[in-house]
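Trainee: Can we go through this model together? I'd like to start with the strands.

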There are 2 protein chains.
Amino acid sequence: MSPLEGVRIVECASFVAGPSACLALGQLGADVIKVDPLGGAADQHRWPLAPSGRSLYWTALNKGKRSLAVDLRSDEGKELVTALITAPGPESGVLVNNSVGRRWLAHEVLTARRPDLIHLRVQGHPDGRPAVDYTVNAEVGVPGITGDEQGAAPVNHVLPAWDLITGMTAATGVLAALRERAATGRGSCVELALADVATAGVANLGWLAEAELRGGDRPRHGNHVYGSFGVDFETADHQRVMVVALTGGQWTALQEATGTTDVFAALAEPLGADLGQEADRYRLRETIAAILRPWFAARTLAQVRERFDAGRVLWSRYRGMADVVAEHRASATETVLTSVDQPEIGPSVAARSPLRWDGEYDDASPAPRLGEHTDDVLTEVLGLSPAELGGLHDRGVIAGTG
Amino acid sequence: MSPLEGVRIVECASFVAGPSACLALGQLGADVIKVDPLGGAADQHRWPLAPSGRSLYWTALNKGKRSLAVDLRSDEGKELVTALITAPGPESGVLVNNSVGRRWLAHEVLTARRPDLIHLRVQGHPDGRPAVDYTVNAEVGVPGITGDEQGAAPVNHVLPAWDLITGMTAATGVLAALRERAATGRGSCVELALADVATAGVANLGWLAEAELRGGDRPRHGNHVYGSFGVDFETADHQRVMVVALTGGQWTALQEATGTTDVFAALAEPLGADLGQEADRYRLRETIAAILRPWFAARTLAQVRERFDAGRVLWSRYRGMADVVAEHRASATETVLTSVDQPEIGPSVAARSPLRWDGEYDDASPAPRLGEHTDDVLTEVLGLSPAELGGLHDRGVIAGTG
């Protein structure tokens, strides 16, 4: 499946948001040409690293793209990249850009060359000030409601969630702009700030309106799910499980599987609670957890699994990432994970697109070496001759490893 | 701006992922018809709640949609919804569906009525087993690397990050399928499992390959940014700030603003470290933090802000959500936040799309009341007469508040 076959995107972006947007579009069939400065951008060596020293972060985020390495400070380099971005074609003329301060990539400069350009600019703040996931998360208040109820210090999240959400929002923006251009002929300058994605993210869960209308911040609630019942338990063999009962059906299943239906029914009157209601399950979350905890402590993970899977309880095991890899290797069925033979790294686990088209996962490709496709792309898209490419190499304007 | 004007989407979805996909598509101009069972779906009263008892979560995720309330267990109700989903039109015939076990919404049943249907199915696991954000996050190992370095128990994230990423991935999938249908005439069944989004998410950061190639799980690192320098500090007036130096430029700016350039230069030899390199900043993160901590402890937030903003340091303040709302109210410029007058709640803060089209934020609309557009939609899309609508109401097949 290649629903975006024929679409060509130029990526001038580093770190997570822009590259993950183009990764997703490339996995759907778009031709993504990634432009990096000679020697690579600031994310070229970002952790984690392979034993070889190559960045696993960079290779994971840039799978299946074509790589061009260009001296972006030289006039010749700028002209090459501008020509690539504005090259004709009904479904080219698409730029994903998170660079700051490159006047020559300004929207009005580029549209002078191609008026129907689609230009998706990923920013930190909407006024252009820089921001990264770790700073915007602090700004929107998530670390203050994360972690232990008794804790006082903020707990940063480890996952750069806002980066990943921004990436997929950017991908959505590119496709909406392509649809508009197909319908009207008009291009677009679409801006998307990481800080806005984070602010909209917490607002879209009702959390800002809650702070406004209820007058203050929600307290931390540890590992509990807010407003319902869900928390972690430890098993007899020191595994941990997460158990959730959002709906009435899930709550019934959990009680039946743990044999506690009568216990919780009997509690209703003395505690004045209808545990069939989410709000009461949340209010009495510590009581419910305290009743269930010995049940888990008396059973191994295997016993819990057998009972819960038979009883259709909503639960999961806490796995480490090494467990995820091991279970992927042992899996008899196709999963979202596969193995790619990554140059300079070797065979290693990689994800395909989670979007399954007509029942199939796509194939994953390795990331390019920096500049691997410099000559190919300039030949194919701009029609440069071998002599012209040779001159550009000799003058140090482009580099290639292909 | 309405890049998706003319696109019509039927949403049969609840909780976060499906509704947030359609929220984003609606904010870009698509007509989103949300179908709920009579009385609402299981997320109708999800927390947080307004003082009036109305769900702020539901209203935030369903802004600007049209609401249809139908008895989804009755044959007449099923036929109405099927007719809506498969109604003719070049840019209708799009369904976002996260329901489980509704045979009448199976892809082959619907494509018998409209062969070029675009059907985006949001799932828990790819094999159909249920999952929610809180369970998949545990499965992919994020809670095990979150929180204090000395901690032993997993730390759940509070933000349903995987839900939000799944939502935007679904939106991308819908638009890619629309592009393919426009180009080829073919519809698509696109499946997207929350568990796959989470697995691909951690894989796309290189974290699974790290666990595979380095043989084991990464240790927790508290509030530090992995592989570089970034951590929180407390100011003299007991505010907290997050400070990050990923790039060489950010590290230089931080040293200059705190007057520590010579200190860190002098440390290089005795500690055998080049702090200009991210990896060394990460290795010596506790040392760097210990040197900087008294600098922050001696200054108020205002003093830190003045120095850091002048010196272009990458930093932010930890805000509470009440602070976010207060600063939005005090802001003289347009932001991603606005106020909507939400029926049964009143004026309250709400987010617009973070995608700014040609420099402008879109306008935000309130969420519908349940069933507010039942009659309108059935008249407009299916051409039902007042008499037919009356009969459906009388038989309890549909409900409306309009």
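**Strands, interface and salt bridges**

Mentor: Start where the chains meet: A:Leu355 has B:Leu192 as its bridge partner in β6(B). This is a predicted model, so local features need pLDDT of at least 70 and side-chain atom pairs pLDDT 80 or more, while totals for chains, interfaces and linings use all residues. Residues count from 1 along each chain as its sequence is written, chains are lettered from A and ligands numbered from 1 in the order written, and side-chain values use heavy atoms, without hydrogens and water.

Trainee: In which sense do β12 of chain A and β6(B) pair?

Mentor: Antiparallel, over three bridges. The chain A strand is β12, residues 355-357. Strands here are DSSP runs of E, at least two residues, and helices are runs of H or I, at least four, numbered from the N terminus. Two strands pair if DSSP finds at least two bridges between them.

Trainee: And which strand of chain B pairs with β6(B) over six bridges?

Mentor: β5(B), in the parallel sense. β6(B) covers residues 188-193. One pair to look at is B:Arg121 with its bridge partner B:Glu191 in β6(B).

Trainee: What joins β5(B) to β4 of chain B?

Mentor: Four bridges, and the two strands run parallel. β4 is residues 94-97. B:Val94 stands opposite B:Ile118 of β5(B).

Trainee: Why is β5(B) called largely enclosed?

Mentor: Five of its six residues, 118-123, are buried, so the rest of the structure largely encloses β5(B). Buried means under 20% relative accessible area, exposed over 50%, and partly exposed in between, with a 1.4 Å probe and protein chains only.

Trainee: Switching to helices. How many residues of α5 in chain B are buried?

Mentor: Eight of its eight, residues 133-140. Among them are B:Asp133, B:Asn137 and B:Glu139.

Trainee: What covers the buried residues of α5(B)?

Mentor: Parts of both chains. The cover includes β8 (240-245), β9 (314-317) and α14 (321-330) of chain A. From chain B it includes α6 (161-184) and α7 (194-203). After α5(B) comes B:Gly141, with a positive phi near 95°.

Trainee: Now the interface. How many residues of each chain are in contact?

Mentor: 131 of chain A with 131 of chain B. Contact means heavy atoms within 4.5 Å. Together the chains bury about 11,300 Å², 66% of it on carbon and sulfur atoms. That is the accessible area (1.4 Å probe) that the two parts lose on being put together, summed over both.

Trainee: Which three residues of chain A supply more of its buried area than any other three?

Mentor: A:Arg179, A:Met321 and A:Arg356, with 7% of the area chain A buries against chain B.

Trainee: How many salt bridges cross over?

Mentor: Eight between chain A and chain B. The rule wants a side-chain nitrogen of Lys or Arg within 4 Å of a carboxyl oxygen of Asp or Glu. One of them joins B:Arg356 to A:Glu191, with the closest N and O atoms 3.4 Å apart.

Trainee: Which helix gives the largest share of chain A's side?

Mentor: α6 of chain A, residues 161-184, with 14 residues.

Trainee: What about salt bridges over all chains, how many are there?

Mentor: 54. Take B:Asp31 and B:Arg8, whose closest N and O atoms are 3.7 Å apart. B:Asp31 is in β2 (residues 31-37) and B:Arg8 in β1 (residues 8-12) of chain B, so the pair ties together parts 23 residues apart in sequence. B:Asp31 is partly exposed at 22% relative accessible area, whereas B:Arg8 is buried at 18%.

Trainee: Which residue does B:Arg54 meet in a salt bridge?

Mentor: B:Glu344, at 3.6 Å, N to O. B:Arg54 lies in the loop between β2 and α2 (56-61) of chain B, and B:Glu344 in the loop between β10 (337-342) and β11 (346-351), so this pair ties together parts 290 residues apart in sequence. B:Arg54 is buried, at 10% relative accessible area.

Trainee: Last one. How far apart are the N and O atoms of B:Glu327 and B:Arg317?

Mentor: The closest are 2.6 Å apart, in a salt bridge. B:Glu327 sits in α14 of chain B and B:Arg317 in β9 of chain B, 10 residues apart. B:Glu327 is partly exposed at 36% relative accessible area, and B:Arg317 is buried at 16%.
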